[in-house]
Amino acid sequence: MLQVLVVEAEEDVSGSMARFFRSRGLSVDTAARVEEARALSAGRKYDVVLAGPGQSKSPEEQNLNLLSWVRDHTPWARSVLLTTRTSGIEETEARRRGADLVAEAALPLGSLFDAIVALAEEKR
C-alpha cells in the first residue's frame, strides 16, 4: 500500500484529498504545516509527499523549503508540488529542489491520484 503525506494548511482541502486517496487504497496522513510534516516523516516512510498551495502567507517559499527537506531527508520519497500559478521560474526552482511533479492545484483528484501512483512506481 502506498504511503502518502499531504501537506496542506486548509483542512477541508487536505481532508478531501485524504478521503479520495484512501477510497482508492492509499494510506494517507495529513499535516497542516511543514514542521508537522517533518515530525510525521521521522516516524514513517512515505512514498509520496504532496505539498499543497495553502501552506502559509508565502506558500511558494514554504513549499520550496519542504521540497528541499524531503530531498535531503527522505530521498526515496517522490515529491509533488501543487500550485495556484505555475511560472517557468517557479517550476524550474521546484524541480531544482526535488519536485518530481509540479501541477496546478485545480487538477482533478482522479488525475492527481494517477500521477501519484505513476510516480511511486518509478524507481529513484
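Tutor: Helices here are DSSP runs of H or I with at least four residues, strands are runs of E with at least two, and both are numbered from the N terminus. The model is predicted, so local features need pLDDT of at least 70 and side-chain atom pairs count only at pLDDT 80 or more, whereas totals for chains, interfaces and linings use all residues. Residues are numbered from 1 along each chain as its sequence is written, and side-chain values use heavy atoms, with hydrogens and water left out.

Student: In what order do the five strands form the open sheet?

Tutor: Two strands are said to pair if DSSP finds at least two bridges between them. By that rule the five strands form an open sheet with parallel pairing, in the order β2-β1-β3-β4-β5.

Student: Which are the edge strands, and by how many degrees are neighbouring strands turned against each other on average?

Tutor: The edge strands, each pairing on one side only, are β2 and β5, the latter covering residues 101-104. Angles run from 0 to 180 degrees between N-to-C directions, and axes are lines fitted to C-alpha atoms, for helices over the stretch in contact. With direction ignored, neighbouring strands of this sheet are turned against each other by an average of 20 degrees.

Student: Is strand β2 largely enclosed or largely open?

Tutor: A residue counts as buried under 20% relative accessible area, as exposed over 50%, and as partly exposed in between, using a 1.4 Å probe and protein chains only. Four of the five residues of β2, which spans residues 27-31, are buried, so this strand is largely enclosed.

Student: Over how many bridges do β1 and β2 pair, and which handedness has the crossover between them?

Tutor: Strand β1 (residues 3-7) pairs with β2 in the parallel sense over five bridges.

Student: Is A18 buried or exposed, and which residues is A18 in contact with?

Tutor: A18 has its place in helix α1, and at 2% relative accessibility A18 counts as buried. Contact means heavy atoms within 4.5 Å. Leaving aside neighbours within four places in sequence, A18 is in contact with V28 and T30.

Student: What is the relative accessible area of V13?

Tutor: V13 also belongs to helix α1. V13 is partly exposed, and the relative accessible area is 32%.

Student: At roughly what angle do the axes of α1 and helix α5 cross?

Tutor: Two packed helices are described by the angle between their axes and the distance between the axes. The axes of α1 and α5 (residues 109-121) come within 11 Å, and they cross at roughly 65 degrees.

Student: Which residues in α5 do S16, M17, F20 and F21 in α1 meet, and how do the contact residues divide?

Tutor: From α1, S16, M17, F20 and F21 meet L109, G110, L112, F113 and I116 of α5. Ala, Val, Leu, Ile, Met, Phe, Trp, Tyr, Cys and Pro count as nonpolar, Asp, Glu, Lys and Arg as charged, and the others, Gly among them, as polar. The residues of this contact divide into seven nonpolar, two polar and no charged.

Student: Which residues of β4 point the other way from R78, V80 and L82?

Tutor: In a regular strand the side chains alternate between the two faces of the sheet. Six of the six residues of β4 are buried, so this strand is largely enclosed by the rest of the structure. R78, V80 and L82 point one way from β4, and pointing the other way are S79, L81 and T83.

Student: Which residue in β5 does T83 stand opposite?

Tutor: T83 lies in strand β4 and is buried, with a relative accessible area of 4%. Four bridges join β4 to β5, and these strands run parallel. In β5, T83 stands opposite E104.

Student: How far apart in space are Q3 and D47, C-alpha to C-alpha?

Tutor: Q3 is found in strand β1 and counts as buried at 15% relative accessibility. Beyond residues up to four places away in sequence, Q3 touches several residues, including S27, R44 and D47. Q3 and D47 are 44 residues apart in sequence, and their C-alpha separation in space is 5.2 Å.
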